[in-house]
Amino acid sequence: MKTHSQMFSALVILSSVLLATAFPVEAISSKTSIDTIWNETPMGPPDAILGIAQNFRASTDERKVNVCVGAYRDENGQPWVLPSVRAAEGKMIENNDNKEYLPIDGDAAFVEKALKFAYGADAPLERIAGVQTLSGTGACRIGGKFLAEFFSGNKIYLPVPTWGNHHKIFNECGLDVQTYRYYDRSTNRLDLDGMLADIKDAPDGSIILLHACAHNPTGCDPNSAEWRALMDLIKEKGHLIFFDSAYQGFASGDAEADAQALRNVLKEGLPMLLAQSFAKNFGLYGERCGTLSVVCKDAETKDILMSQLKNIIRPMYSSPPKHGSSIVKTVLSDDGLSNQYYKECTQMANRIQSMRTRLVEAIKEAGSTHDWSHVTEQIGMFAFTGMSAEMCDQLTDEYAIYLTRDGRISIAGLNDNNLKYVADAIHAVTDGKSITSN
């Protein structure tokens, strides 16, 4: 009879044999060796926009022009920190602001100011659940995750075209991403009939993503009557609106006017979410400052939703950064700085509008016979030119003008030093070719 010691030894040997069979030495070592562990990881594709910006920085061509990334540039082609922002930072230093963690849902005073900036001074904040986010991208991600977990319908409809990151964000959240027609390339105008038809065909109770103003990338917004028709249909279908507001103040130069669409929805009593960013309109690109809000029926529902939004945020990034939100809060809490900010926002919008008009004039002066009126009718930071991907490639390859391949150019990247060069190049690549249906 075998002793306990012999039986134990036999079990150890048997276990070793079984482990060796199931997990060969080669497999174990390959998973833990620095020489092989990541060898099967493929290279990820470059971002469609940020990759182009990287190529621009790497270019040594003296003629190079960047009209790709959506960031404001002054008349000298340089980033502009708003004087009101600098003044707010000065006040923050004087007040000896600390660097403590913010709560999970952010700075409550900032969120209050931000939501009033969007919804209006008389907004019913007692029933709007709002949290501070990592700019508009973070707001979309949190909102998408919230909808995936707590909204009965998981289909979200995005306009064609839309900001490229929308598809990635909402797919990652687990939503079923669908699209609706928005822009008609055959006319370079809003496709209202197609938009209404697709939203009507969407299952009742779907999520409809809308750009609050200055649609990216087209710069083509519905007019008042078109917004009315859209709201009536959404109400009839029982859809949920998800507004993305990244350009409030940039569309018309008037932040109040640019918020009318979402404020009208609020007055109608329709359910909605809002992703809000302060990157463009306050020039706080690197501060990652924004909010996500959900309009509720009452304060009790707001409290419930706040608890769930915080539960989403906590394992994602714990709490938001403080500096940018403190700047916005300081500006919007001071009448003098607030008035100064609104003037500076108008100044940025006016410069962009001036460049937009002058670009079309310069293209015509170069000899173009195309109808470019769609460009002057568009609003916001971008112009959706109608150029094809091949034309865009030619602009980059032959003229070192960097832009996205859908024909979108950032008007903010134009100035007196490069306007004629860009206009002449656009004429050269479009002359004798169509700028519709591309």
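The structure is a predicted model, in which local features need pLDDT of at least 70, side-chain atom pairs count only at pLDDT 80 or more, and totals for chains, interfaces and linings use all residues. Residues are numbered from 1 along each chain as its sequence is written, and side-chain values use heavy atoms, with hydrogens and water left out.

The chain holds 17 helices and 13 strands, taken as DSSP runs numbered from the N terminus (helices: H or I, at least four residues; strands: E, at least two). Along the principal axes, its C-alpha atoms fill a box of roughly 105 × 55 × 55 Å. Of the 438 residues, 49% count as buried, where buried means under 20% relative accessible area, exposed over 50% and partly exposed in between (1.4 Å probe, protein chains only). Contacts are heavy atoms within 4.5 Å; among those between residues at least 6 apart in sequence, 76% join residues at least 24 apart.

We can turn next to the interior. A nonpolar core is a set of buried Ala, Val, Leu, Ile, Met, Phe, Trp, Tyr and Cys residues joined through side-chain atoms within 4.5 Å. The largest such core has 93 residues, and Tyr-119, Leu-210, Met-231, Ile-241, Phe-243, Phe-282 and Leu-359 touch the most other members. Helix H14 (residues 335-365) supplies the largest share of this core, 10 residues. Apart from it lies another core, of 29 residues, with Val-131, Phe-146, Phe-170 and Val-294 among them. Leaving aside neighbours within four places in sequence, the contacts of Phe-243 include Leu-210, Trp-227, Val-265 and Met-272. In helix H3 (residues 50-58), Gly-51, Ile-52, Ala-53 and Phe-56 are buried, and their cover includes strand E1 (65-66) and strand E12 (401-402).

Asp-258, in helix H10 (residues 255-258), is buried yet has no salt bridge, and the nearest side chain of opposite charge, Arg-263, is 10 Å away. For this comparison Lys and Arg count as positive and Asp and Glu as negative, while His and the chain ends are not counted. A polar atom of the Asp-258 side chain lies 2.7 Å from the backbone nitrogen of Gly-249. Asp-105 sits in the loop between helix H4 (83-94) and helix H5 (108-119). This residue is also buried without a salt bridge, with Lys-310 as the nearest side chain of opposite charge, 4.6 Å away. Beyond four places in sequence, Asp-105 touches Val-111, Val-131, Gln-132, Met-306 and Lys-310.

Salt bridges, defined by a side-chain nitrogen of Lys or Arg within 4 Å of a carboxyl oxygen of Asp or Glu, number 18. Lys-155 pairs with Asp-176, the closest N and O atoms being 2.8 Å apart. This pair links strand E3 (residues 155-160) to strand E4 (residues 176-181), its members lying 21 residues apart. Arg-181 and Asp-198 also meet in a salt bridge (2.9 Å, N to O), which connects strand E4 with helix H8 (residues 192-201). Within that pair, Arg-181 is partly exposed at 41% relative accessible area, whereas Asp-198 is buried at 16%. Lys-235 bridges to Glu-268, with N and O atoms 3.7 Å apart. Because Lys-235 lies in helix H9 (residues 224-237) and Glu-268 in helix H11 (residues 260-268), the pair ties together parts that are 33 residues apart in sequence. Salt bridges with shared partners join Arg-228, Asp-232, Lys-235 and Glu-268 into one network.

Technical notes:
A polar contact is a pair of N or O atoms within 3.5 Å; within protein, one must be able to donate a hydrogen and the other to accept it, and residues adjacent in sequence count only if both atoms are side-chain atoms.
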